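Student: I'm new to this structure and would like a close look at one part of it. Could you pick a helix and its charged side chains, then walk me outward from there?

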Amino acid sequence: MDTVTRTDGHLADITFNVNGMTCASCVARVEKALKSVPGVESASINLATEKATVRARQDTNYVSLYDAVEKAGYEVPVENISLSISGMTCASCSGRVEKALKKVPGVTDASVNLATEKAQVKAAGGVTTEALIGAVRKAGYEAALAEEATPAKGKSTALPTWWPVAASALLSLPLVLPMLAMPFGLDWALPGWLQLLLATPVQFWLGARFYKAGWNALRAGSGNMDLLVALGTSAAYGLSVYLLWAHRDHEMTQHLYFESSAVIITLVLLGKWLEERAKYQTVAAIRALESLRATVAIVRRDGVEQEEPVSAVRAGDLVVVRPGDRVPLDGVIIEGSSHLDESLLTGESLPVTKTVGDAVTGGAVNADGVLLIEATAVGGATMLSQIIKMVEDAQAVKAPIQRLVDRVSAVFVPVVLVIAVMTFLGWGVVSGDWQQALLNAVAVMVIACPCALGLATPTSIMVGTGVAARYGILIKDAEALETAHAVSVVAFDKTGTLTEGKPAVVAIESASESERRVLELARAVQQYSDHPLAKAVEAEASKRRVALYPASNAKALPGRGVQADVGAVTVFLGNKRLMQEIGLPTAGLDEVAAKHEDAGRTVSWLAVKNAHGVELAGLLAFGDTVKKTARAAVARLAQTGISAVMLTGDNPGAARVVAEAAGITDYMAEVLPADKARIIAELKQGGHTVAMVGDGINDAPALAAADVGIAMSTGTDVAMHTAGITLMRGDPLLVPEAIDISIKTYRKIRQNLGWAFIYNLVGIPLAAFGYLNPMLAGAAMALSSVSVVSNSLLLRRWKPVAITGDKS
């Protein structure tokens, strides 16, 4: 936990955790690293408590301390905290909250998303939520832990959300009607006192939110959209009150500007209401996933079935799922068979057949049969919960392109206020008409809209990630979404990615042992592995009723195979590279192996090491099927100018057959996991933006090395955690679809930012030169943010070219 204790006017004691220290030399190394940071007076490490205490100047950058520890080879534990922020209205607000959070001692990074009204905070150690919430409040906003916050749409209110807009419009309409009637020669002008009576509640009651938020911004030493609206409308209202008083004896002859202030507030309220409605639609995908959560489950205990809340069910409990019911949690079928609709989870539109031994996912709908499942994951550990969290996290984090917007937003309001003052003085001095000068300055303040800038990127990302999730494409972070649009090369793994990943043993060739003994030893050595080849061996052994012998000292040899002690011998099972490493010649079976490899089969060699040395026992040949959509996926990539390569640890023959079937001309065989990462790095150095598609543990280094990692959810958790994008179906066609939604989302971001920048760059000068009256400026401002969100919502119409996996 980070703590800061003030020692005098210039120094502070900073305490934080350090992981990875094992001895006194570690302590000395960390102390030396910390003392080298500018501003540090002293540093001491307690090895027992794993804490560092640093005395440094109060202006010392905390992140530099943590960086020094990490450069020394140790780790400062980082905690991720999610906060819900209320009261933000524009990009300037989100920037100010972000700045306030980053100033909290111990915070290493903070990202605030205006569209989701969420803050993601990374804190080294245990920065308290109270300190973070206090910093947000000091900046003029409210905050709460995300899981404790009450959704705004969930609150029950006596009045609908549109009532302020309606009330403001009703009060403003009589002020506007005389202006509309004037071109027709009708004089419907209201007495000044009646205009004052109608405009005052709009200004100070319905418009109170602008004063409150603007005041909070001023107290925090900055500005926002609310401050601009409050200043602009107050100026128009104040001018009208002055004119009404100054010409009280003949008020009907003097034009007042109450309609300007009232209509501006009405239009801004309308824009904000429409914006909130549109923003609510951007999280439709999250709500759709949330609706899949079952609240109750039928649990069988001691032969008796009873309904219980899902929260009360534990792993290992037996749960009955009746036809038409939703599967309440993840589990394995132990009785019954049925068809499950998993469309909202995987994007697969056709029901999936499930029977005894098959895994089921919470949220799927049971179509016909009664199922008895054993719960394997509950609560936050279920696949549905992880999908929801992944989508929420992706929507909460800023895209890299947003950094430009943040820099602009930081100075936007002060610059606009300066322009407004210059407009007022310029018009007043040059024309002598100070009333018109004030109205032009009001128009400048009202038309300026940092909201559109702040919403341009996050709304596009929210809709893009949401619609992608609906079709089985889970994008973990905004950076992956933004990077994927520029991909020029896609590198595919072979087994489980381009092939079904369900190989079968098609031949067993013996050398020094019998076929049955080769199968026995192969089953024993890889009984703890979840590799597809291990499953194929297990299936063949079970079919032939081969005995399972215990194994010890089992070890995975990345890119080569496995080894384990079985009885009195050490067994090696793997590729030819492994045989070469242990110094075993394979000449006796080379010719047979070559025939299998030419037929596109994968060959695993089995060797046995005993007291007499190492001898070749035999080999197993495996056949796998190329996925039906593999060739279509590669063709789709080629159509968009993206080239495909295949990297596999398999033999050249098997690699060639699969590559030809998938339409890939560039492939590399017998590649180790580390070599895959190296090849990816070389492609990147050649100027390519590279995506890596894989599903296994051995693909994790390459997934991490690529610009964008894409993992099949049919693979391992390690692969999915390393990748930026996860495909919920093992369908290669989802790869071009993921890139396609990325391209379309990035296009929307650029459109939105272009509109927002052009709107402000054109609108502010027009207002300053007197070509826009304040009411038109207010309408334009309301339209700007609504148009940005509405443009993002067009992404909801996106659909994959092939929604089901059987299309090619």
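**A salt bridge and its surroundings**

Tutor: Let's start with a pair of charged side chains: aspartate 740 and lysine 744 make a salt bridge, with their closest N and O atoms 2.8 Å apart. Keep in mind as we go that this is a predicted model. Both aspartate 740 and lysine 744 sit in helix α26, four residues apart, which is about one turn of the helix. Aspartate 740 has a relative accessible area of 18%, so it counts as buried, the limit being under 20%. Lysine 744, at 29% relative accessibility, counts as partly exposed. Elsewhere, salt bridges with shared partners tie Glu515, Glu540, Lys543 and Arg544 into one network.

Valine 762 is partly exposed, with 45% relative accessibility. It also belongs to a nonpolar patch on the surface, made up of Ile758, Leu761, Val762, Leu766, Phe769 and Tyr771. Taken together, these residues have about 680 Å² of accessible area.

Now back to the charges. Another one joins aspartate 675 to arginine 678, at 3.7 Å from N to O.

What about partners from distant parts of the chain? Aspartate 650 and lysine 494 meet through their side chains in a salt bridge, 3.1 Å from N to O. This pair links distant parts of the chain, its members being 156 residues apart. Aspartate 650 is in the loop between β26 (643–647) and α22 (652–662), while lysine 494 is in the loop between β19 (489–493) and β20 (504–510). Both aspartate 650 and lysine 494 are buried.

Strands β26 and β19 bring us to a sheet. It is an open sheet of seven strands with mixed pairing, in the order β18-β30-β29-β28-β19-β26-β27. At its edges are β18 (473–475) and β27 (666–668), each pairing on one side only. On average, neighbouring strands of this sheet are turned by 20° against each other, if you ignore direction. Inside that order, β28 (residues 690–694) and β29 (residues 708–712) pair in the parallel sense over four bridges, with glycine 694 opposite alanine 711 in β29. Helix α22 packs on the sheet, where it touches β26 and β27, and its direction makes about 155° with that of β27.

There's another open sheet to look at, with six strands in the order β10-β9-β11-β17-β12-β15 and antiparallel pairing. Strands β10 (304–309) and β15 (359–360) stand at its edges with a single partner strand each, so one side of each has no neighbour in the sheet. The partner of β10 is β9 (residues 296–301): the two run antiparallel and are joined by six bridges. Within this pairing, isoleucine 298 stands opposite glutamate 307 in β10.

Notes. Residues numbered from 1 in each chain as written. Predicted model: local features only at pLDDT ≥ 70, side-chain atom pairs only at ≥ 80, totals over all residues. Heavy atoms only, no water. Pairing = 2+ DSSP bridges. Patch = residues over 30% accessible without salt bridge, like charges linked within 9 Å, V, L, I, M, F, W, Y side chains within 5 Å. Areas by Shrake-Rupley, 256 points an atom, 1.4 Å probe, with all protein chains shown as cover. Salt bridge = Lys/Arg side-chain N within 4 Å of Asp/Glu carboxyl O. Buried < 20%, exposed > 50% of the residue type's maximum accessible area, 1.4 Å probe, protein only. Axes fitted to C-alpha atoms, helices over the stretch in contact; angles between N-to-C directions. Contact = heavy atoms within 4.5 Å.
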